[in-house]
Amino acid sequence: MKQQTTPSAFPFDETDAAPSRRQFFERCGMGFGTLALAGLLQENGFAATGRPHFPGKAKHVIHVFLNGGMSQVDTFDPKPELTRRGGQMLPFDNLQTERKTGVALPSPFTFTQHGECGTPVSDLFPHLSKCVDDMAVIRSMYAELPNHEMSLMLMNTGDMRQVRPSFGSWLTWGMGSENQNLPGFVALCPGGYPVGGAGNWRSAFLPGVYQGTLVDTSKADPTQLITNIRNSRLSSDEQSRQYEFLKQLNAKHLEQRAGESAIEARIQSFEMAYRMQTEATDAFDLSQEPEHIHKLYGEGVQNRQLLLARRLIERGVRFVQTWHGDGQPWDSHSNIKNSHRAVANQCDQGLAALIIDLKQRGLLEETLILCTGEFGRTPSVEMEQNGSGASQGRDHNHWGFSLWLAGGGVKGGTVYGATDEFGFQAVENRVSVHDLHATMLHLLGMDHERLTYRYAGRDYRLTDLYGNVVHEIIA
Amino acid sequence: MRPARAFLPPATAFPMQRFILTFAALLLLCRLGISHAADVTWEQDVRPLLKTHCFHCHGEAGEKEAGLDLRLQKLLVKGGESGPAIVLGDVDGSLLLQRITAGEMPPDEDKLLSPADVEVIRKWVEGGAKVTEAEPDVVGDGPLFTSAERNYWAFRPVQRPEVPDTSAEQRSRTPIDALILSANENHPGFAEDANRAQLLRRASIDLTGLPPAPEMLERVLADESPDWWDSAVEELLASPHYGERWARHWLDVAGYADSEGYTDEDRVRPHAWRYRDYVIRSFENDKPFDVFIQEQLAGDELANWTGGDLSEQQIEQLTATGFLRMAPDGTASGGINATEARNQVVADTMQIVGSSLMGMTLHCAQCHDHRYDPIPQSDYYALRAVFEPALDWKNWKSPPQRQISLYTAADRATAKEIEAQAAAVEKERADKAEEFITRTLEEELLLIPEEQREATRTAYRTAAKERTPEQEALLKEHPSVASISVGSLYLYDRRRDERAAKIDAERKQKETRFIEETKQAELAKVPEEEREALQTALAAAQAQRTAERNELLAKYPGTQVTLATLAEFNPEAAAELEQDRKAAAELRSSKSADVLKEYQDKAAKTREQKPEEGFLRALQEPAGNIPQTFVFHRGDPEQPKDVVPPHDLSILESRGEIPENLDSLPTSGRRLAFARQLTDGTHPLLARVIVNRIWLNHFGRGIVSTPGDFGRLGDRPTHPELLDWLAAEFQSSGWSMKHMHRVIMKSTVYRQSSVASTAAMDADPDNLMYSRFPLRRMESETLRDALLAVTGKLNTKRFGAPIPVMEDSVGQIVLGQENLDGERKPVDKVDLNGEEFRRSIYVQVRRTRTFSMFETFDAPAMTPNCDFRSSSTVAPQSLFFMNSAAIVEFADFFAERLLSEAAEGTEQQVDRAWQLAYAARPNESERAQAVAFISTQQEVLAGQQSEWDEARVKREALSVFCQALLSSNRFLYVE
């Protein structure tokens with residue numbers, strides 16, 4: 001990006017009160033672009049492929065999104081005190097969440113220690129609990145608001161309100177894709193959109209090629225998974241001939257326009273789409289998997305899409321996000337016992353299989369798995385409108401929640417941070433969403449303070465002005 | 001689920017990106033290397049930092065925690081409860097720096113100052129805490145602006161700059177060219193003029209959103225007049241499609257949608273399209289933009305309608321206020337928090353007004369003072385006070401309650417009369433129903449034991465509540481009586497059918513029996529001596545009957561009685577049969593349900609005769625409603641604080657005054673006063689904001705590249721003099737849009753080619769100096785319109801209700817009328833009768849259901865409006881061109897058009913295709929390549945598809961070619 005010439009002749013300029021830092025650049029005679037890695041890369045609209053800031057173990061990310069919000073006190077954060085004082089008011093005022101909550105609601109699930117590390121996991125995850133030696137559990141996460149949409153945006157983009165690029169977009173922009181025939185960032189969601197829709201995988205001001213490509217996994221036929229992936233009119237030979245002709249047309253048009261990055265980008269995008277037709281249908285074809293792999297992952301759309309995620313990672317896709325479903329399936333405002341049991345059952349086997357399968361293929365070391373909701377749930381019972389608390393459910397809780405990571409250089413068998421004795425609020429070694437992002441980028445070999453993009457006159461980064469790497473969970 | 005806005009912590013309610021630490025620190029070192037600590041000043045460097053991080057608790061809106069006010073340097077020296085905040089020249093002794101460095105202040109760790117920021121403050125204190133302006137002795141709780149803020153470029157009056165001289169070789173045609181050339185000393189010069197055909201395609205898509213018609217292209221190419229270009233521009237400006245194109249730009253900033261949004265229910269707005277049509281007509285007629293804005297902000301106050309028939313002008317003015325009704329409005333939906341939902345409508349409306357008319361991020365001052373621009377929180381509410389009498393969150397009207405009927409008194413009278421007729425039909429129906437019930441009741445009673453009949457009748461006729469237990473029991477015993485009702489009559493119709501069938505069956509048996517009996521009786525009457533011969537004759541087959549036998553038979557016709565002659569020989573039997581026939585016919589006739597339905601249909605038909613009742617989606621302020629407007633603490637409507645009177649931004653001082661209640665109007669008149677002072681020709685923001693958008697839509701980038709934010713976080717104008725020149729020109733032209741198009745399009749900067757010399761590309765790679773015409777991809781709507789026009793399918797029908805969108809079976813949003821069965825599964829496709837080929841501006845804008853093709857090509861999300869459209873390049877767009885059913889259909893249409901308009905042969909078809917898609921002629925090699933491609937395609941298809949005739953092969957091969965052309969960059973981009 002070239003430095004912008006100062007409009008010196010303009011009479012108002014002398015008295016103009018532009019931010020002082022802008023003046024630094026002008027006085028120093030240098031623009032941002034000449035300094036920032038991103039700025040350099042941005043010249044042709046693309047980031048360089050595979051140029052991390054420092055060596056990182058992880059090369060890919062699978063983000064399993066338990067959208068709606070997983071309850072920490074029922075999964076990874078056992079609270080005996082909650083059981084002991086079940087039915088009593090908490091000894092402090094209930095923190096403000098979306099709705100009114102009442103007395104302590106003990107977990108209906110049983111916790112047992114697992115693995116060599118002894119990390120406790122509830123009986124909601126009988127399969128996954130066997131993998132704790134590969135997992136790092138963070139129990140001291142916190143977000144900013146008890147609201148789905150905003151917390152989803154925070155988790156995905158680092159910003160609750162502005163339209164900002166998602167983690168997957170930043171990553172594919174920063175690291176490029178290893179497979180030019182598939183999108184670098186794929187979002188898998190059965191049956192529709194999660195709350196917040198495409199905003200969850202938007203590239204915002206980053207170039208559009210880094211936007212997540214949504215695939216509705218409720219369909220099993222690979223040709224139906226991606227809109228317009230199949231040509232219903234031409235044979236592949238005919239299409240190839242047509243494409244050659246189109247390339248001639250476009251090449252002729254480009255001749256005079258060397259340096260018009262938009263035109264070049266579009267030609268590349270067409271090329272990728274053309275190759276996706278075969279590559280994507282192959283990647284999404286689960287019938288190619290042997291019987292024992294299908295058995296390992298288990299039945300159902302959740303398990304199936306986790307297997308899909310592995311196939312995509314194998315093919316070099318940078319970032320795969322799996323959503324539990326449209327809307328907010330984990331949002332157990334009532335009857336936590338049945339509703340959490342139902343959703344956990346749907347993905348437990350697949351999550352364990354994903355770790356085992358990646359490990360046996362030697363891919364776990366380079367694949368970072370993150371499993372989290374947008375926030376947790378209250379240890380106190382959600383009050384019905386009549387104040388009865390008969391819901392047996394839990395409200396949103398951004399004050400404290402748990403998540404786990406595995407692979408990609410994460411220290412297995414770790415439990416980091418703590419909530420208060422009831423599991424309401426993160427109190428020890430608190431980890432913000434920005435910290436999580438910074439840590440994940442670190443594992444991927446990226447300095448979150450250096451991964452910047454210049455837009456509308458400012459340099460942006462995923463972590464805004466915040467974020468500290470949590471070294472304690474890194475192997 | 002909606003954001004729970006009431007929870008917003010104040011400091012996060014406006015998270016703005018700041019410069020990145022690393023670079024700021026690096027650059028700080030750089031800066032300090034060339035400057036002295038003494039250069040750091042309060043006004044330029046330190047105050048903006050404290051405003052962003054500290055004022056919220058120390059100075060703003062009366063907040064002075066620990067007695068400390070940080071708004072003036074002298075107040076820092078004075079300090080608070082803990083003593084002075086700074087000691088001049090003594091860094092270590094300054095409490096402010098101690099607390100900040102220790103990370104204690106600000107208390108929220110997410111809001112800490114960066115090390116670079118702290119360094120700035122440190123240097124400032126070290127250098128003696130310089131101020132460059134005299135500070136006032138006291139500050140109240142009101143806003144306090146520095147002269148830098150007051151002199152910020154966007155708040156200074158518009159001044160028409162001197163137009164500099166340029167040399168002849170610079171090819172400056174207009175003041176715009178001169179201003180652009182002189183803005184950069186190193187301007188490499190404009191590219192050469194684009195060729196006529198390219199220029200016409202550019203201008204045509206630019207002004208009308210459609211490629212040039214071939215006739216126009218040929219005419220312009222052949223025009224030998226020196227004014228050819230001016231005439232072409234005039235022709236395009238006069239096109240009915242001009243309004244449709246430029247209205248779209250305004251609808252973006254107004255946030256136009258055909259649905260309410262806010263909740264998942266996303267209710268349809270059935271009447272929003274009248275506002276869309278108003279905007280189209282306004283552009284088409286070049287309505288002076290000041291009037292256009294006045295009408296949109298205060299059309300109801302201009303119309304001053306107090307009842308009675310609406311005049312055309314009043315309808316227009318009221319329709320214009322639809323602008324203030326475009327924000328998402330969920331207040332008619334269920335399951336909402338009413339206060340929050342209403343407040344959100346007002347807040348979103350403010351955001352639309354702020355970004356579209358003022359270029360200010362007003363909404364950032366909703367919860368606290370604007371962190372970057374001189375907009376105190378009280379300003380936000382002072383502006384809100386302009387709108388609250390009409391958008392009164394305490395006396396709210398939901399969207400259906402705000403509808404204004406377009407009925408005239410005469411319409412109403414006609415409707416009333418027709419309603420009376422329909423009611424009369426319904427009365428007849430009720431009478432008839434009662435008649436049927438009585439008949440059914442009597443019929444059913446006949447089927448129960450006689451001794452119970454009277455009591456059962458009485459029980460049935462007794463109102464349910466008043467029945468005795470005995471009556472209840474009786475009815476329970478005879479459910480066929482108890483169940484009689486208007487709604488169940490159809491069931492009794494069926495029972496009557498069954499009864500009739502039974503009577504018929506019995507009658508058939510009777511017929512046989514009666515005939516046999518009659519025969520025997522007649523035979524008995526025959527004299528003994530003839531009886532035997534007669535019986536033989538009767539038994540004999542027809543052929544064996546002799547004349548003698550026939551004579552005998554004729555003598556006793558009764559022995560050969562048939563159904564037809566039964567009455568003659570046995571009148572009683574015939575009568576009985578006739579009675580049965582009548583009984584069955586009676587049962588079958590007059591199906592009560594059918595008869596009642598006829599009445600119902602008749603009533604509905606009658607009602608259809610009423611004049612159609614249209615409604616306006618408008619904002620109308622109730623007379624005499626002057627609510628108090630409060631500053632909401634942290635933006636929370638549950639925490640109202642000070643009352644504020646209406647006022648424009650206080651940085652504009654006295655020119656922003658707005659009377660609380662205009663005596664000349666029954667309404668408050670606040671919006672009218674605001675609209676008038678916005679458009680009085682001296683407001684510093686409005687004209688700049690509008691001309692910047694005009695420029696943006698011609699060149700793809702505004703002079704200020706953040707068209708909705710002229711504040712400090714927005715971008716500075718790249719060509720400030722040009723912006724002011726355009727603003728001045730716009731106002732002096734009588735706010736004429738079309739004048740601005742002419743002025744801009746006559747310039748060399750517009751007429752130049754999009755291809756620049758290598759030298760110019762090197763000197764100006766990002767085209768910041770406009771040394772070539774910027775290449776642009778068509779927007780989603782333009783792309784679809786161009787496809788329709790090129791392929792010959794465009795339906796140019798204008799105005800009216802939108803083309804509906806619906807979800808198809810695979811979840812794509814397509815054009816179509818939703819037609820679902822009881823289980824919400826799609827059934828028969830509804831024919832849109834060519835509506836599906838209308839221009840894109842008429843496609844329904846459903847917030848939760850964006851037409852998939854538009855979404856693929858970056859259609860804006862109206863949340864609440866769209867300041868600036870982004871343009872992405874992603875694989876799904878390419879897949880659309882490669883494989884979608886839509887593009888195949890367009891290619892087929894295109895091929896058919898070529899075959900009919902250039903029937904001579906493939907070469908002619910290629911020429912015509914080039915002309916339609918590219919507004920150009922192919923050169924020799926292009927033509928040869930295209931012809932070769934089509935021929936190969938024909939050969940392959942002929943070989944593969946033996947059942948296709950030659951015409952089919954030609955058409956299909958041409959269509960494959962057409963698809964490639966429509967997918968090419970030369971078509972998709974405007975150059």
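Predicted model: local features only at pLDDT ≥ 70, side-chain atom pairs only at ≥ 80, totals over all residues.
Local features need pLDDT of at least 70, side-chain atom pairs count only at pLDDT 80 or more, and totals for chains, interfaces and linings use all residues. Residues are numbered from 1 along each chain as its sequence is written, and chains are lettered from A in the order in which they are written.

Q: How do you know which residues make the contact between domain 1 and domain 2 of chain A?
A: Residues are in contact if their C-beta atoms, placed from the backbone, lie within 7 Å. Domain 1 of chain A gives 14 such residues and domain 2 of chain A gives 13.

Q: What makes B:Phe961 stand out in the largest nonpolar core?
A: A nonpolar core joins buried Ala, Val, Leu, Ile, Met, Phe, Trp, Tyr and Cys residues through C-beta atoms within 7 Å. Buried means 20 or more other C-beta atoms within 10 Å of a residue's own. This core has 299 residues, and B:Phe961 is one of those that touch the most other members. B:Phe961 touches residues including B:Ala930 and B:Phe933.

Q: Why are S10 and S11 of chain A called paired?
A: Pairing needs at least two bridges found by DSSP. Three bridges join S10 to S11, so the two strands pair; they run antiparallel. One bridge links A:Gly376 with A:Asn397.

Q: Why is S2 of chain A called an edge strand?
A: S2 (101–104) pairs on one side only. The open sheet has the order S2-S10-S11.

Conventions
Contact = placed C-beta atoms within 7 Å. Buried ≥ 20, exposed ≤ 12 C-beta atoms within 10 Å, placed from the backbone. Helix = DSSP H or I, 4+ residues; strand = E, 2+ residues; numbered from the N terminus. Lists of a residue's contacts leave out its neighbours within four places in sequence.
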